[in-house]
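Please look over the sequence and the structure before reading on.

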Amino acid sequence: MGTWDFGSFENDTACDWVYDLKPAKKSLFGKLKFDPFAYPTKAITTVLNANEYIESPECDEAIAAAECIAAAISNPITNLPDEVIAWKKSLKELKPSETLVQQTIDAVNRIRNAEQSEARELWSEGQDDGQVDPQWLASIDDLLSRLSA
């Protein structure tokens, strides 16, 4: 049985995505073995590069990635998964670029506002007035405000 709720990490896709988030590691010479922002960036750019319809799994992964970026700029959600906490700790003083933060904001806005967003479409189903579920919108707006702070 699947999990699906309005929180950023309250769906199976986001939980699966975050499971593959790897903490930053340094080589013997003190250099990073890989870019710790590469994995979140991939989820963000998938949404930004989508020509038309953005499928729900891509939306869920990008929202989870956006939460990682918010955590990296010291504006985390209160109940971060353990994998994100470990990832954030491993960054030490490393921060995402301003460009990545802006791209993240753009991706989340696209998920929130685009008629071609399956996430938005799914969160509109069952609403008597045809509007998007207010809890989901509040969750997304909270994420956007933490990314913009």
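## Terms and basis

Helices (H or I, at least four residues) and strands (E, at least two) are DSSP runs, and they are numbered from the N terminus. The model is a predicted one, in which local features need pLDDT of at least 70 and side-chain atom pairs count only at pLDDT 80 or more, while totals for chains, interfaces and linings use all residues. Residues are numbered from 1 along each chain as its sequence is written, and side-chain values use heavy atoms, with hydrogens and water left out.

## The cavity and its lining

A cavity is defined on a 1 Å grid over the protein atoms alone, as a set of points where a 1.4 Å probe fits but cannot get out, and its lining residues are those with an atom within 4 Å of a point. Grid points are joined across faces, edges and corners, and a volume is the space filled by probe spheres set on the points. By this rule there is one cavity of 30 Å³ or more, and the largest cavity holds about 80 Å³ of space. Twelve residues line the largest cavity, and the closest to its centre are Gly-7, Asn-11, Asp-60, Ile-63 and Trp-136.

Which helix gives the most to the lining of the largest cavity? Helix α7 does, with three residues, and α3 and α7 each supply at least two residues of that lining. By residue type, the lining divides into six nonpolar, four polar and two charged residues, where Ala, Val, Leu, Ile, Met, Phe, Trp, Tyr, Cys and Pro count as nonpolar, Asp, Glu, Lys and Arg as charged, and the others, Gly among them, as polar.

Asn-11, one of the residues closest to the centre of the largest cavity, lies in the segment before α1. With a relative accessible area of 5%, Asn-11 is buried, a label that means under 20% relative accessible area, whereas exposed means over 50% and partly exposed lies in between (1.4 Å probe, protein chains only). The side chain of Asn-11 also reaches the backbone nitrogen of Thr-13 at 3.2 Å.

Side chains of opposite charge can pair when their charged atoms come close. A salt bridge is counted when a side-chain nitrogen of Lys or Arg lies within 4 Å of a carboxyl oxygen of Asp or Glu, and a search of the whole structure finds three of them. In one, the side chains of Arg-146 and Glu-67 meet at 2.9 Å, N to O. Because Arg-146 lies in helix α7 (residues 134-148) and Glu-67 in helix α3 (residues 56-72), this pair ties together parts that are 79 residues apart in sequence. Arg-146 counts as buried at 10% relative accessibility, and Glu-67 is buried as well, with a relative accessible area of 0%.

Arg-146 also forms a salt bridge with Asp-142, again at 2.9 Å, N to O. These two residues are four residues apart in helix α7, so about one helical turn separates them, and Asp-142 counts as partly exposed at 34% relative accessibility.

Since Asp-141 lies in helix α7 and Arg-112 in helix α5 (residues 98-113), the pair ties together parts that are 29 residues apart in sequence. Asp-141 counts as partly exposed, at 32% relative accessibility.

## Aromatic pairs

Rings of Phe, Tyr and Trp (its six-membered ring) pair if their centres lie within 6.5 Å, and planes under 30 degrees apart count as stacked, over 60 as edge-to-face and the rest as tilted. The whole structure contains three aromatic pairs. The rings of Phe-37 and Trp-87 have centres 5.7 Å apart and planes at 90 degrees, so this pair is edge-to-face. The pair links distant parts of the chain, 50 residues apart, with Phe-37 in the loop between α1 (12-19) and α2 (38-49) and Trp-87 in helix α4 (residues 82-91). Phe-37 counts as buried at 6% relative accessibility, and Trp-87 is buried with a relative accessible area of 0%.

Trp-123 and Trp-136 form a stacked pair, with 6.4 Å from centre to centre and 10 degrees between the planes. Trp-123 lies in the loop between α6 (118-122) and α7, and Trp-136 in helix α7, 13 residues apart; both Trp-123 and Trp-136 are buried.

How values were computed: On a 1 Å grid over the protein atoms alone, a cavity is a set of points where a 1.4 Å probe fits but cannot get out, and a pocket is an open set with protein on both sides within 12 Å along at least five of seven lines; lining residues have an atom within 4 Å of a point. A polar contact is a pair of N or O atoms within 3.5 Å; within protein, one must be able to donate a hydrogen and the other to accept it, and residues adjacent in sequence count only if both atoms are side-chain atoms.
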